[in-house]
Amino acid sequence: MKNFIFIFFVGLFPAQQTWNLQQCLEYASANHPLVKQATVNIKRNDRQIAASKGMLLPSVDAAMNHSYSFGSSINQSNNQREALNTQYDQFIVQANVELFNWRNYVTISLSKLNKETSTYKLKQAQNEVKLNVIQTFFAYHNSKSWLEVLETQISGIEEQIKRTEKEAEIGSRSKSDIYDIKANLGTLQEQWVTAKNQRDLAKINLLNALAITQDSLDFVMNNEEILSQEDFNTPDFTKRLLENNPAYQAIIADIKAQEKNVDVIRSAYLPSLTGSYSWSSFYNKYLGKNDISTTGFSDQFTQNKNQSLSFGLNIPVFNKLQIKNNTEIAKLNVINFSYDKELIVNNLTQSITSIKAQFLNAQEKYGILESNFENQRLSFQKSEEKYKEGLMDAYTFFVVRNNWLQANYNLISSKNDVIQQTELLKVLKSEL
């Protein structure tokens with residue numbers, strides 16, 4: 001219900017919407033096509049389970065036949081063949097049931113395993129979507145922050161050019177200062193165009209990760225983001241994340257399903273027992289023969305009733321080696337899925353250790369930048385005082401000012417990197 005209300009307001013006020021990371025993750029994990037496909041697969045597996053259980057129930061058929069016969073036929077009154085035209089109506093109800101077929105029971109187990117696999121794959125799809133959203137979300141904000149730095153630099157250099165031109169007019173500044181600053185304005189403007197393109201592409205990638213085709217959203221960072229501390233020294237840290245990962249659990253369930261499929265195929269070696277019950281009656285009428293009396297419909301219907309009950313035992317003897325070959329193929333599928341498991345373990349281990357390494361590196365880098373940030377700020381303030389007192393030329397102050405702005409961006413980018421790795425770890429640590 002909450003998701004419905006959330007999506008409703010998105011459609012109602014598309015130009016006013018701003019989403020943070022959590023809102024992006026909630027939307028993508030519920031509305032991305034990959035997630036919807038995985039949800040449909042679970043529903044399909046529910047139907048397969050119901051269909052497998054339905055095989056244990058009897059099948060019942062009812063039929064009615066109405067026919068005419070012209071020419072030579074048996075006269076029911078004297079049991080002699082004569083030239084007769086007759087009308088024949090037959091009513092049949094029949095029920096068939098497999099009293100025992102081991103294949104039905106193992107098929108039910110296989111269907112349940114397939115549903116379990118689909119459940120893990122749904123969570124796997126949600127995780128993959130979330131990981132992609134997190135990476136594109138922070139890529140967008142880093143490119144946006146860099147564009148803002150360049151805009152501030154360009155705005156500052158334009159103001160500095162105006163101020164320096166006035167100071168040059170009164171002789172307190174050399175005209176060469178103006179040329180030095182203008183020489184860098186074009187370079188900054190070129191960088192601004194490139195940064196703007198990168199920001200726009202990053203937003204397109206983020207919208208694509210969310211499976212949203214219209215650019216009606218803006219994305220913001222939470223100011224209350226807190227940098228977390230992760231304990232990577234736990235002996236089973238990687239193993240625990242690996243075994244709880246839905247991709248790993250899905251391949252384990254897949255292997256169990258393939259092993260159960262071997263049992264399904266082998267069940268064709270076993271005998272099966274069937275039962276059948278039928279009830280029937282008929283009505284026979286002679287056409288165009290007034291000298292032959294016809295018993296009434298209700299009397300014939302009662303007199304001609306018939307019931308039958310039968311049992312059948314089917315024992316497979318030879319099936320052209322099809323069961324044997326299919327069993328061996330199913331065994332090879334189990335082996336193949338075991339190799340898939342190894343690949344998934346390798347990939348997940350690489351992902352987990354990479355995120356761990358990037359988290360530690362980003363955390364260390366942020367600590368260094370944060371500790372030096374105050375020194376950068378004091379250095380900029382001192383340079384600004386020197387420039388105002390005429391003790392520093394305009395170009396040197398321009399370089400110092402840009403270094404200060406770059407330090408601001410580096411700190412923001414480094415903090416975003418730590419938060420990004422934290423969010424990636426949250427996804428990997430999430431339980432089913």
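Student: Why are Lys331 and Glu328 said to be about one helical turn apart?

Tutor: Because they sit 3 residues apart in helix 9 (residues 322-388), Lys331 and Glu328 are separated by about one helical turn. A helix here is a DSSP run of H or I with at least four residues, a strand is a run of E with at least two, and both are numbered from the N terminus. Mind you, this is a predicted model, where local features need pLDDT of at least 70, side-chain atom pairs count only at pLDDT 80 or more, and totals for chains, interfaces and linings use all residues. Residues are numbered from 1 along each chain as its sequence is written, and side-chain values use heavy atoms, with hydrogens and water left out.

Student: What makes Lys331 and Glu328 a salt bridge?

Tutor: The rule asks for a side-chain nitrogen of Lys or Arg within 4 Å of a carboxyl oxygen of Asp or Glu. The closest N and O atoms of this pair are 3.7 Å apart, so the pair passes that cut-off.

Student: And why is Lys331 called partly exposed?

Tutor: Buried means under 20% relative accessible area, exposed over 50%, and partly exposed in between (1.4 Å probe, protein chains only). Lys331 has 31%, so it's in the middle class. Glu328, at 37%, counts as partly exposed too.

Student: Are Lys203 and Asp215 buried or exposed?

Tutor: One of each! Lys203 has 15% relative accessibility, so it counts as buried, whereas Asp215, at 53%, is exposed.

Student: How many salt bridges does the structure hold?

Tutor: It holds 9. Lys196, Arg199 and Asp200 are linked in a network of them.

Student: How much of the protein chain is buried?

Tutor: Buried residues make up 36% of its 432 residues. As for the fold, the chain has 10 helices and 6 strands.
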